[in-house]
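The following exercises are meant to be worked with the sequence and the model side by side. Each task is followed by a solution in steps.

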Amino acid sequence: MRIRGPFGIALVILAIAVSSIAGAFGFEALGYAPCELCLKERIPYYAAIPFAGLAVLLAARGSKTFLRAALCILALIFAGSAIFGAYHAGVEWGFWPGPLECSGPLARAASVNDFLKQLQTVKLTRCDAPTLRILGLSLAGWNAVVSAGLAALAVAGARSRG
């Protein structure tokens with residue numbers, strides 16, 4: 001199936017962005033708790049969904065200048081998302097350290113009472129330990145791949161003459 005013109009490109013970007021967020025919520029509902037970096041990886045999608053909707057609307061109305069601007073913004077959002085997803089995947093693979101708050105050493109309790117208190121209050125999903133891999137990639141890795149594809153698609157739409 002071939003995507004035709006900026007309208008089709010904008011519609012595909014919108015559908016994939018909405019599906020990605022829905023999928024993230026679905027995995028969370030199935031018990032796969034997101035880490036701090038996973039939650040931050042959703043932010044570009046939250047920003048991109050309205051821009052993608054705007055791009056669909058602008059493409060439908062034939063407003064090429066503003067459509068091109070919206071697609072350029074989408075390309076930048078998803079390029080940043082791809083970089084952040086690759087960073088998180090690198091943390092999971094141990095290529096570089098992640099943030100201390102979700103991948104650093106756990107604080108040692110001074111006493112048994114402090115330890116019991118930590119057990120009751122601290123819930124941490126580690127950023128350096130993926131809870132799920134699909135075809136060898138974690139969800140962070142898939143985010144990098146999908147975001148890079150969406151960035152490329154947005155660039156193609158912005159460069160399109162259609």
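**Exercise 1. Determine which residues Ser 81 touches, and state whether Ser 81 is buried or exposed.**

Solution. Step 1: leaving out residues up to four places away in sequence, Ser 81 touches Glu 41, Pro 44, Tyr 45, Asn 143 and Ser 147; contact means heavy atoms within 4.5 Å.
Step 1: Ser 81 is placed in helix 4, residues 64-93. Helices (H or I, at least four residues) and strands (E, at least two) are DSSP runs, numbered from the N terminus.
Step 2: Ser 81 counts as buried, because its relative accessibility is 1%. Buried means under 20% relative accessible area, exposed over 50%, and partly exposed in between (1.4 Å probe, protein chains only).

A note on the source applies throughout. This is a predicted model, in which local features need pLDDT of at least 70, side-chain atom pairs count only at pLDDT 80 or more, and totals for chains, interfaces and linings use all residues. Residues are numbered from 1 along each chain as its sequence is written, and side-chain values use heavy atoms, with hydrogens and water left out.

**Exercise 2. State how many helices and strands the protein has, and in which order the elements run.**

Solution. Step 1: the protein has seven helices and two strands.
Step 1: read from the N terminus, the order is α-α-α-α-α-α-β-β-α.
Step 2: of the 162 residues, 34% count as buried.
Step 3: among contacts between residues at least 6 apart in sequence, 74% join residues at least 24 apart.

**Exercise 3. Identify which side chains meet in a salt bridge, and where the two residues lie.**

Solution. Step 1: side chains of opposite charge can pair when their charged atoms come close. The criterion for a salt bridge is a side-chain nitrogen of Lys or Arg within 4 Å of a carboxyl oxygen of Asp or Glu.
Step 1: a search of the whole structure finds one salt bridge. Arg 42 and Glu 28 form a salt bridge at 3.0 Å, N to O.
Step 2: the pair links distant parts of the chain, 14 residues apart, with Arg 42 in the loop between helix 2 (36-41) and helix 3 (43-61) and Glu 28 in helix 1.
Step 3: Arg 42 is buried, at 8% relative accessibility, whereas Glu 28 is partly exposed, with a relative accessible area of 35%.

**Exercise 4. Find which residues make the nonpolar surface patch of about 300 Å².**

Solution. Step 1: a patch is made of residues with over 30% relative accessible area and no salt bridge; like charges are joined within 9 Å, and nonpolar side chains (Val, Leu, Ile, Met, Phe, Trp, Tyr) within 5 Å. Accessible areas come from the Shrake-Rupley method with a 1.4 Å probe; for residues, only the protein chains shown count as cover.
Step 1: Phe 25, Ile 43 and Tyr 46 make this patch.
Step 2: Phe 25 lies in helix 1, residues 5-29, and is partly exposed because its relative accessibility is 41%.
Step 3: as for the whole surface, the protein exposes about 9700 Å², and carbon and sulfur atoms supply 67% of it.

**Exercise 5. Locate Leu 135 and state its phi value.**

Solution. Step 1: Leu 135 lies in the loop between strand 1 (133-134) and strand 2 (137-138).
Step 1: its phi is near 55°, a positive value in a residue other than glycine.
Step 2: Leu 135 is exposed, with a relative accessible area of 78%.
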